[in-house]
Amino acid sequence: MRAWGAGRHYLVQGLAIAGLGCFVALPTLGSAAAETSGSSTAVRVSLPESFSYRDLALLPIQHQGRVKPLESFANSQFRSISGERPLHRLSAISWLAELLFDPAQASLQRVFHIATQELVDTLGLEPRHPPRYAFAEVASALPAISEQLQRVTTVPSAQLSPLEKALSELYQRLLLHFEISRSLSMVLPDFRFESATLAEELGFEVGSDYSYMQILRARHHLESRAAPLRERPEHERADAAEMTADTVTTLGEHGSGEERDILRLSQAIQRTGMDAFSQIFRIVPPQWEGDQQQWYSPWGLLKSGLGSPASARQVKLWSRLARAYRAGDAKAWSEISAELRTALQEQMPSALTERLEGEYYYQKLSPFLLSALLYLLAGAALIGRIRIRHQSLYWLAWIAAVAGVIVHTGGLATRIWLLERPPVGTLYESILFVALIGALFGLVLAFLRDDGVGLSITSLIGSLLLLLAPSFAGDETLGVLVAVLNNNFWLATHVLTISAGYGCCLAAGVGAHYWLLRCALGRGAAPGVDDPLARALLGLSLVACFLTLFGTILGGIWADQSWGRFWGWDPKENGALLITLWLIYLLHARIAGSLNSVAFAVGLIVLNIIVALAWFGVNLLSIGLHSYGFTDGAALGLALFCVTEMLFGLVLYTLACRAVSREA
Amino acid sequence: MLGGPRLFSYTLFWMMVLVFFGTLAQRELGLYQARENYLHSWWLWGGTIPLPGGLLTMSLIGISLIARMAQRKYWRWRSAGTLLLHGAALLLLFGGLLTLIFAQEGNLVLREGETSALIHAHEDLEFVVIEEDVQDIVDSERVPEGMVAERVTAFAEGWLQAGAQLSSPIDFPFRIDLWSAARNCVVKARLESAEVAAAETTVAEGIPRRGAARNLSLESMPLARELADNSACALFHLQGADAELDGLYASYEFMVDPPTVYVGDRSYRFEIRRRQDRLPFQVELLDFVREFHPSTTIARGYSSTVRIIDGSLSFERTISMNRPLRYRGYTLYQASFIEDDDGEASSTVLAAVRNAGRIFPYLSGVLMCLGLLWHLGGRLPPLFARQRRGHQ
């Protein structure tokens, strides 16, 4: 009775949380939850290490508008639920397997990262570092704050305090955890007969574990026998809290063993039947013509009655997989998961199968993390070269930077192949692309000049932006696009051009830092009009001006095609316009001679600030037709960046001016 | 001086300041009001100091560019790129001016199966006098069977000033003096707003209040952030019709029962509303489709299949995101949709735009890029000259 016994409390908590009579149920949850959470003092990974998750990770699922491997689903859902990346000792896919096949055990895993200390205090949870809590722990804390919970689920988000928002977000994470955990509940071997008479009467065996699908044939019989039992006076209390309280315990004193079994099983069937709300796990491909690319969740298939022989075979394989998991049978697990994968591949076009494998390796290899490390290596080699003036370090920096660009380009190319669209459609993707363009311009400069400035630009822009990018990724890094952006022509023209313009601006800005620093320290060539690096910076800003101007005009033309006006003074349009106007201003002033090299370089640092404001700041305003980026938590970082850059520009300007006057 | 770099630099810098603060102001004021205050204005006030607004600044940039181009020394092949760039920038500014003056835009809202040519403007208001049952003055053959003819006299937004006398070539049997009008109002029961009621009573002493104006006061409000959330209102004095009809009347946008007076055998209805125009052709919505990414509520696309009926000419087209329909100078875009109570989207909102300056950004864009490429072609090679000195 391990499975159902352990799972019973979990299921009770989950159903209550899922909003099915949530607020009626919450006060009764305390004791049951406490009982479960009492044993959750340590993280338990219940599976033997010999389990191979590769085939499971490669199984397809339709989620957020596209078909992806379970590896991607597991990663994004883990991030959504835990609020952080998967733990090293617990891969996302093994966490998902446990959540699907052994939800009761999974409810004891400390995966909920609660960053708000005030929320931890409100929930009455023990302070912990790191602040990770198990589903069972959090669920048991909810009854005490049922009124606050009711408020956060009914009041619009804008009217909530930061603490309430954190509570609301945590509640959504709990719901998601519960929904995923019930995805396969119809095939989990959670039902067992204890009464021999009853089992024999219904054609089952005592001591064997049955799934909901198997026991469903006895449902009517059990229901008809349970109905008169429920009407006995001593059972009234149990009826009142039917879906939440531990009914079996309440009946214990009065009924016979068979009666208790009837009530327990009929109630368990009812509870499991309510799992049909779980629709997130769409793992069954379209079965019939007219399905319109819609995949089915196992519960959706069961409820709609749209199953086919192929889908029946798949569900049976999932059932066998669940039993292999529960039994800890690694060999059977591997065989069944491979068989399941083959069965699904038969129903999919080969191109999709190839893309699934591609995405699996993309997730495993993390190309952008890898290229960020290579850029960092290039930077480290350049710094090392300052001390140890050895030629090999210079070449190491070159090799690392080129390798970084190659891996970076490969990562973007993979995304284009997987998503079948140009590489920039979200804020996260724009960071990846701008980083590549900045790095490429750095390499061009490195090819023209061998003083390390080009490689420094590549290393700095590449590594910083790629390390920053995940903060803007949200839970899903390979997402589908909203309708207005869903246009490959304009994504490939306007968005890429303007993003390339951002990249070029940043390269010029970083180069200006280097040039000013060199002037301020009085090193290298004397600062002046004919300084080759200053000329190269002027060249870069001309290219940046071309790209941003062309990109802005293309954006206007897209707006004219899409919304009927070329220019609407929307914040994003204004941001792009500001960059262009600033570049025009700088270039005119520089070419006319009213700005010297030092002032021009400081102007390029200001350009960095304007680019950052246009790129990220616009989303913070949350207005206009373009505000579709991810913004939370970015304001402080942006303000810090702007202030630091301004201070840096001011100090370097002062020092560089002194150096120039000394030279004069 | 006009063609010199100073004027250009200063105006360009000031333009950046306007764009920056105009963008920030959008958070407080909303896009429309911030745009009107900072960018579509000749002047704006920085405390008590008048400052050049967007229109003046852009005009000065334009003058500076013209003066620059008028200098004969720049008409050389070497400066061809710069000349092209400056000319293209002028074209862009000129197109913007044409758009500002002549562009018409509004929404055409259609349910599936409905045919209409009526466009509701986004911004512009009008005050209309609608004469009902005017069969005697229209060609009866033009009135479809079962329909009633109305004559609409519209006073454009320029008329909506306090103290304006609304006169038209049509000889109304009364005179309309506008007492007050505002783009955004809140309607209150007079008892609740004693202060406003008292002020109105003082001004309008001896003039009887009629209809809804008896019980309601219209309080002018700052503009809402979203243009659509504003509700315009007008308080007007009708006189010369009949002693029992003369008096103050109130009308506001979306009023369920606008003020109506009966003079002789005619009725006259008074409304303040968003300007309404008619397309020179009819549009029938055959089907509206909202597509989602599979298994999500993320919209993948919207499209409206319409039939254009222009006299005896009739044809079908599908308008979707980024794929507008252009016909007879108008462009129809898929702008939005309206959901029914059951969550089904069966009404489409098409944006209808007519813009005389539409071609200019396209022309200017091409010329600008050519000019910049020309300029870069000559400038870049020496700037990116290779310089190596050994890596030690």
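Reply: Tyr268(B) lies in strand S13 (residues 266–292) of chain B, where helices (H or I, at least four residues) and strands (E, at least two) are DSSP runs numbered from the N terminus. This is a predicted model, in which local features need pLDDT of at least 70 and side-chain atom pairs count only at pLDDT 80 or more, while totals for chains, interfaces and linings use all residues. Residues are numbered from 1 along each chain as its sequence is written, and chains are lettered from A and ligands numbered from 1 in the order in which they are written.

Tyr268(B) counts as buried because 22 other C-beta atoms lie within 10 Å; the cut-offs are 20 or more for buried, 12 or fewer for exposed and partly exposed in between, counting other C-beta atoms within 10 Å of the residue's own, with C-beta atoms placed from the backbone. Leaving aside neighbours within four places in sequence, Tyr268(B) is in contact with Val129(B), Glu131(B), Thr260(B), Val261(B) and Val263(B), a contact being a pair of residues whose C-beta atoms, placed from the backbone, lie within 7 Å. Glu150(B), 118 residues away from Tyr268(B) in sequence, is 9.8 Å from it in space, C-alpha to C-alpha.

Ser303(B) belongs to strand S14 (residues 299–310) of chain B, and it is partly exposed because 18 other C-beta atoms lie within 10 Å. With neighbours up to four places away in sequence set aside, the contacts of Ser303(B) are Val289(B), Thr318(B), Ile319(B), Ser320(B) and Gln334(B). Between Ser303(B) and Ile130(B) there are 173 residues of sequence separation and 35 Å of space, C-alpha to C-alpha.

The C-alpha trace of chain B spans about 95 × 55 × 45 Å along its principal axes, and buried residues make up 29% of its 392 residues. Of the contacts in chain B between residues at least 6 apart in sequence, 58% join residues at least 24 apart.

Among the helices of chain B, H3 (residues 54–70) has 17 residues, which at 1.5 Å a residue should span 24 Å, and its end C-alpha atoms are 24 Å apart, which agrees; the expected span is 1.5 Å times one less than the number of residues. Gly54(B), Thr57(B), Met58(B), Ile61(B), Ser64(B) and Leu65(B) are buried in H3(B). Seen down the helix axis, the buried residues of H3(B) fall within an arc of 115°, so they line one face of the helix, the arc being that of the directions from the axis to the C-beta atoms. These buried residues pack against helix H1 (5–29), helix H2 (31–39), strand S2 (49–52) and helix H4 (80–102) of chain B.

Where the chains meet, 57 residues of chain A are in contact with 52 residues of chain B. H22, helix H26 (532–563) and helix H27 (571–592) of chain A each supply at least two residues of the side that touches chain B, and H26(A) gives the largest share, 16 residues. By class, that side of chain A has 32 nonpolar, 17 polar and eight charged residues, with Ala, Val, Leu, Ile, Met, Phe, Trp, Tyr, Cys and Pro taken as nonpolar, Asp, Glu, Lys and Arg as charged, and the others, Gly among them, as polar.

Away from the helices and strands, chain A also has some local backbone features. His129(A) and Pro130(A) are joined by a cis peptide bond with omega about -5°, and Pro130(A) lies in the loop between helix H7 (117–123) and strand S4 (132–134) of chain A. Glu420(A), in the loop between helix H22 (391–419) and helix H23 (427–448) of chain A, has a positive phi, near 55°, in a residue other than glycine.

Note on methods:
Contact = placed C-beta atoms within 7 Å.
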